[in-house]
Amino acid sequence: MEHEVFVPVLAETIRQALADPARIAASLPGWQPDPGGDVLTGRLRVRAGGSTITYRGSIRVTERAGGFSVEGDGAEARGTGTVKFSLGVLVEEADQAVPGTMLSFTGTATADGRLGTFDGPARETAARRLLDRFTAELTAGLPGLPEEPDVVDGLDGADESGEPDPAEEIALVEVDLNEVEVEVEVPETAAELDDLEPPAEAAHARRTMIGRSAEEVDHAPPRGRYAPAPSAATTSTTATLRWAAPAAAVLVASAVVVGRVLRRRR
């Protein structure tokens with residue numbers, strides 16, 4: 001079997017983790033070390049084809065050029081089946097756009113008993129899942145790759161000679177507020193103060209506000225620009241009554257005078 005896993009961690013950091021037996025024991029899924037003994041001697045639960053099989057055995061890790069060699073054997077805790085495997089782990093810098101480390105696993109295994117009843121794809125899927133989970137646990141908590149500083153050309157404002165570019169310098173202008181002079185024209189007499197006229201808009205708004213307030217308080221009909229325009233019929237009737245009243249008074253007075261004259265003649 002061959003299997004590869006990419007991790008965003010430095011290769012040297014991965015080598016240090018694989019050289020630590022305690023970290024390997026803590027990162028191996030389903031592994032339970034024997035109390036008081038070697039951390040790489042104990043029980044391993046393996047899930048394959050929907051079943052869980054527990055083996056009791058040991059694991060041996062040896063460092064070699066470019067990586068590590070892992071060997072192990074065990075027997076079923078409840079059964080007569082056995083398993084034996086040999087695994088090589090190659091640790092090298094990843095040849096990718098994203099920096100990191102590539103872990104390459106190659107190995108063989110022989111098994112009988114319950115694990116031997118499963119077909120090849122089921123056993124291979126179980127092995128790949130175990131290696132993926134082991135790599136994830138091994139690299140969890142390890143320091144990641146150092147962050148590279150973002151460098152933008154010309155950001156520091158220096159040319160190739162190391163001198164700052166005058167064209168990119170920012171000029172700072174200081175303004176002393178104590179030296180700012182504001183010219184204000186103030187009337188010298190009360191008469192001149194009375195002659196000051198507010199802007200047309202302000203005066204109109206003031207007259208409008210005062211006029212509307214007085215009309216609302218006195219309950220008087222609106223006057224000026226707010227008065228409704230009289231209709232043509234109303235204007236005509238008002239003009240007729242204005243001239244008819246004096247004419248009627250003149251006629252009544254004339255009738256009274258004529259009546260008195262006639263009585264005297266009799």
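Which residues line the second largest pocket? Select P29, G30, R45, V46, R47, T52, A126, R129, L130 and R133. A pocket here is an open set of points on a 1 Å grid over the protein atoms alone, where a 1.4 Å probe fits, with protein on both sides within 12 Å along at least five of seven lines; lining residues have an atom within 4 Å of a point.

Before going on, note that this is a predicted model: local features need pLDDT of at least 70, side-chain atom pairs count only at pLDDT 80 or more, and totals for chains, interfaces and linings use all residues. Residues are numbered from 1 along each chain as its sequence is written, and side-chain values use heavy atoms, with hydrogens and water left out.

Stay with this selection. The second largest pocket holds about 210 Å³ of space, a volume being the space filled by probe spheres set on the points, which are joined across faces, edges and corners. Colour α3 next: four lining residues, the largest share, come from this helix. Helices are DSSP runs (H or I, at least four residues), as are strands (E, at least two), numbered from the N terminus. β3 also supplies at least two.

Now move to the largest pocket. About 980 Å³ of space lies there. Select V83, F85, A109, A127 and L130: of the 40 lining residues, these lie nearest the centre. Then show β3 (41-48), β4 (51-64), β5 (67-76), β6 (82-93), β7 (101-111) and α3 (120-139), which each give two or more residues to this lining. Again α3 gives the largest share, here eight residues.
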